[in-house]
Amino acid sequence: MLTDLIGIPIQALAGQLLLGLINGSFYAMLSLGLAIIFGLLHIINFAHGAQYTMGAFAAWMGMTYAGIDYWWALLLAPLVVGLIGVAIERLLLVRIRNLPALYGLLLTFGLALIIQGLFRNYFGASGLRYPIPAALSSGTNLGFMFLPHYRAWVLFVSLAVCLVTWFLIERTTIGSTLRAAQENPNLVEAFGINVPRLITITYGAGVALAAFAGVLAAPIYSVQPQMGADLLIVVFAVVVIGGMGSILGSVVTGLCLGLVEGLTKVFYPEASSVVIFFIMILVLMVKPEGLFGRAS
């Protein structure tokens, strides 16, 4: 049997693979939002992790102060955080649109520090509990492992959102317009399309994706101010490996690296926290534009 050859119980292996897929689904969703924002705005959005945190806190505050349940939070939290993202783009990012990319990086990094500091001051640094919805609180015994329904739901809905986003951008008129605005905004404006408004909506949509991932993560991880910062560095590595601005690269690479991380925890736990960065170094040495990116 396979377990005899590798000396690891099948339950432990399956559990780590499931955990890797769950982490990979969050990597995919967050890197997807980053890729969308970078692809059109050419801004390295360092506030993306904080916006993921905002989604989790919006769900928790909605439950605590307004009695809004998980299902409504999945809809309302991304909408609210996405509107905040629209305000950020219109009030701040628009002013540095024609400046070097370093200005956008510094601005969004400062925003991330402000958002994290506000949450830490008001809610403290310890984690806040967000319960799993009752409909998904049980699990199924598969024989070789116990599958929690909520984790299966997270994996399913993350894949669905990633595939729908990829289809909208790569296979629809809206996506064609977005990609054309990225390549030649002046030509797109000549056809009567409001490119600044398109950019604003795109940034808001990318931020909403991060907030949606935050709501999904709230019942699994504790809701705390640093939850986005801890994840953001890994997500940036995923984006670099997949290719900056590549939608397909973000999704595929996020899921695959989640699995690699899970397997590393089984066979060599000491390297699990650095294996993604080791892969990033190898990819940059062989293919600097990323696995799915295009050479400049």
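Arg 97 and Glu 89 form a salt bridge, with their closest N and O atoms 2.5 Å apart; the term means a side-chain nitrogen of Lys or Arg within 4 Å of a carboxyl oxygen of Asp or Glu. This is a predicted model, in which local features need pLDDT of at least 70 and side-chain atom pairs count only at pLDDT 80 or more, while totals for chains, interfaces and linings use all residues. Residues are numbered from 1 along each chain as its sequence is written, and side-chain values use heavy atoms, leaving out hydrogens and water.

Glu 89 also meets Arg 90 in a salt bridge (3.7 Å, N to O). Glu 89 counts as buried because its relative accessibility is 1%, whereas Arg 90, at 39%, is partly exposed (buried is under 20% relative accessible area, exposed over 50%, partly exposed in between, with a 1.4 Å probe and protein chains only). The structure holds 3 salt bridges, and one of them joins Glu 289 to Lys 287 at 3.4 Å, N to O. Shared partners, meanwhile, link Glu 89, Arg 90 and Arg 97 into one network.

Trp 72, Leu 75, Leu 76, Leu 79 and Leu 83 make a nonpolar patch of about 530 Å². Such patches take residues with over 30% relative accessible area and no salt bridge, joining nonpolar side chains (Val, Leu, Ile, Met, Phe, Trp, Tyr) within 5 Å and like charges within 9 Å; areas come from the Shrake-Rupley method with a 1.4 Å probe, and for residues only the protein chains shown count as cover.
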